Amino acid sequence: MDHIVVEIFTDGACSGNPGPGGWAAIIRKNGTEEELTGGEPATTNQRMELMPAIVALSSLNSPSKVRLYSDSQYLIKGMNEWIEGWKSRGWRKSNNKPVENPDLWKRLDAIAARHQVEWIKVKGHDNHPENERVDRLAVQAIERFRN
């Protein structure tokens, strides 16, 4: 593991749910900063919250110590509290219903396992500079996928 901490800030947005969606991530490491954005023409808020974490963690070339910040309770609680139970129950929730977005959760679980990730919840729309920035970038990314 690198001793350098990589900071990742993520957010997702959707216009309608489902509808066109966008996501964004800011990656800070070794004194550099990179913005990643993307989206899909027909998706959900939940999928757009998971995608920037998957893409950002996948972009790291070597196992790293990561602090990932998101305003998504779904993402943060999913990784901090729920995922081990889901896996032990065959990707089912405690009520025995299937987990939503298992394809993305499995991808995120696999890529996160390469790193030492601290999943940190930030309050959305609370003047957190990086969170506000990824929110703007995610909303802007939707525009590429509107009809």
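Trainee: Why is W91 called buried?

Mentor: In this predicted model, W91 has a relative accessibility of 16%, and because buried means under 20% relative accessible area, W91 counts as buried. W91 is found in the loop between helix 2 (73–88) and helix 3 (102–112).

Trainee: What makes the phi of W91 worth a remark?

Mentor: Phi of W91 is near 60 degrees, a positive value in a residue other than glycine. Most residues other than glycine have a negative phi.

Trainee: Which value decides whether N101 is buried or exposed?

Mentor: The value is a relative accessibility of 11%, and since the limit for buried is under 20%, N101 counts as buried. N101 is also found in the loop between helix 2 and helix 3, and N101 has a positive phi of about 60 degrees although it is not a glycine.

Trainee: What makes the peptide bond from N17 to P18 stand out?

Mentor: That bond is cis, with omega near 10 degrees, and P18 lies in the loop between strand 1 (5–14) and strand 2 (19–29). Most peptide bonds are trans.

Trainee: Why are Y74 and W105 called buried?

Mentor: Y74 has a relative accessible area of 13% and W105 has one of 0%, and because buried means under 20%, Y74 is buried and W105 is buried.

Trainee: Why is the pair of W82 and W86 called tilted?

Mentor: The planes of W82 and W86 are 45 degrees apart, with 5.9 Å from centre to centre; because stacked needs under 30 degrees and edge-to-face over 60, with the rest counted as tilted, this aromatic pair is tilted. Being 4 residues apart in helix 2, W82 and W86 are separated by about one helical turn.

Trainee: Which residues of helix 3 are buried, and what do they pack against?

Mentor: In helix 3, the buried residues are L104, W105, L108, D109, I111 and A112. These buried residues pack against helix 1 (45–58), helix 2 and strand 5 (116–121).

Trainee: Why does I76 count as buried, and which residues is I76 in contact with beyond its neighbours within four places in sequence?

Mentor: I76, found in helix 2, has 6% relative accessibility, and therefore counts as buried, the limit being under 20%. Leaving aside neighbours within four places in sequence, I76 is in contact with L68, S70, W119, I120 and K121. The C-alpha atoms of I76 and L50, 26 residues apart along the chain, are separated by 9.7 Å.

Methods
Residues are numbered from 1 along each chain as its sequence is written. This is a predicted model: local features need pLDDT of at least 70, side-chain atom pairs count only at pLDDT 80 or more; totals for chains, interfaces and linings use all residues. Side-chain values use heavy atoms; hydrogens and water are left out. Helices (H or I, at least four residues) and strands (E, at least two) are DSSP runs, numbered from the N terminus. Buried means under 20% relative accessible area, exposed over 50%, partly exposed in between (1.4 Å probe, protein chains only). Contact means heavy atoms within 4.5 Å. Rings of Phe, Tyr and Trp (its six-membered ring) pair if their centres lie within 6.5 Å; planes under 30 degrees apart count as stacked, over 60 as edge-to-face and the rest as tilted.
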